[in-house]
Amino acid sequence: MFFMNTMPSIREMESAYLRKDRSYDGIFVMGVKTTGIFCRPSCPARRPLPQNVEYFSNVRAAVFAGYRACKRCRPLDTNGRPPAWVDNAMLLAQKAEKRIRDSELKDTGIDPHRLRRYFQKHYGMTFQAYCRSLRMGDALHELRTGANLDDVALGNGFESHSGFRDAFMRTFGRSPGASRSMDRIVVSWQESPLGPLVTAANEKGICLLEFTDRRMLEAQFENAKRLFSCAIVAGENEYISQLREELAKYFEGKLRQFTVPLVYPGSPFQVRVWNELIRIPYGECCSYEELAARIGSPTAQRAVGHANGLNRIAIAIPCHRVVNKDGKLGGYGGGLWRKKFLLDLERGIKSFN
């Protein structure tokens, strides 16, 4: 299950904003009823009275409730990184060869319950599931590079060959011995001004980029597993790192064309639509009717719209640039508020002010 929408208790969130706790930034935002603005929990402005505050799990919910972004703490801005304490937990996960106990997290100053909520909200899995996924991804990589099966099993925290085999089978659907030539998709997450994004890549390039709260996300993951015939595990590769840098520049208004390799298999018709989407210039829009004509299927506007909605690589394959014939926004799987933000960004218009 991906991307559950969880928040701390009201008492915990109230305590967090009253002490301006930065470790809660990214977990919730707070709307101040008397001013009509929403802030990070760590906002340096004068703290409002608790009875004048309401809480939201994300920026989208606050904006839809009619709040404007605070100009002091700038909750729409992002540096593309999770809070420092989450970074520390991820470093622990990358180094760990076996399950990390709650007591080990507490010894490093990390609250296991807060960490679990953060991972469930932003990454759709518990921290322990993330750790297991990392270990399985590493195990597959080691097998593909010729490592001994027993060494791989013991080196990834399993006390027996059978335990490793069972865990590997659950993740990849085949035994370790039959997986030395198997590909994998690695998946990572990053923050953006529009909320968390999930990124997935294989050895050829980026194959998925989506907003974590999109309803079709689970279906997109299943499609990716089917199309690429491989499992999806937590991890990073050079393409994800490159996309992270390019997205940061894009949201700063400093990048107009993505150069990271993209991998988007589909039907011949779908691929024609997606190729044409990439050709729509930055800052411009195209109607569904015009897009259908461009690919040589002028009567296929509805099919073009369907293919547009099945695009697995948001922003980099700019389906947000397709609008209705009358100029209205039309649809967008990530939400019309995001579509407007992206189009305004590309036109040099600042959103949510």
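Asp344 is buried, at 7% relative accessible area. Buried means under 20% relative accessible area, exposed over 50%, and partly exposed in between (1.4 Å probe, protein chains only). This is a predicted model, where local features need pLDDT of at least 70 and side-chain atom pairs count only at pLDDT 80 or more, while totals for chains, interfaces and linings use all residues. Residues are numbered from 1 along each chain as its sequence is written, and side-chain values use heavy atoms, with hydrogens and water left out.

**Salt bridges**

- The structure holds nine salt bridges. The term means a side-chain nitrogen of Lys or Arg within 4 Å of a carboxyl oxygen of Asp or Glu.
- Asp344 pairs with Lys340 in a salt bridge, with the closest N and O atoms 2.7 Å apart. Both residues sit in helix α14, four residues apart, about one turn of the helix. Lys340 is partly exposed, at 46% relative accessibility.
- Helices (H or I, at least four residues) and strands (E, at least two) are DSSP runs, numbered from the N terminus.
- Arg321 and Glu346 form a salt bridge, their closest N and O atoms being 3.0 Å apart. This pair links distant parts of the chain, 25 residues apart: Arg321 lies in the loop between α13 and β10, Glu346 in helix α14 (residues 336-346). Arg321 is buried at 5% relative accessible area, and Glu346 is buried at 6%.
- Arg294 and Glu290 meet in a salt bridge (2.7 Å, N to O). They are four residues apart in helix α12, so about one helical turn separates them. Arg294 is partly exposed at 36% relative accessibility; Glu290 is partly exposed at 34%.

**Cysteines**

- The structure holds zero disulfides. A disulfide is a pair of cysteine sulfur atoms within 2.5 Å.
- The closest cysteine sulfur to that of Cys70 is in Cys43, 3.8 Å away and too far for a bond. Cys70 is buried, at 6% relative accessibility.
- For Cys285, the closest cysteine sulfur is in Cys286, 8.7 Å away, again too far for a bond. Cys285 is partly exposed, at 28%.

**Helix α13**

- Val304, Ala307 and Asn308 are the buried residues of helix α13 (residues 301-309). Viewed down the helix axis, they fall within an arc of 105°, so they line one face. The arc is that of the directions from the helix axis to the C-beta atoms.
- Arg302 and His306 are exposed on the other side of α13.
- The cover over the buried residues of α13 includes α11 (268-279), α12 (288-294) and β10 (322-323). Contact here means heavy atoms within 4.5 Å.
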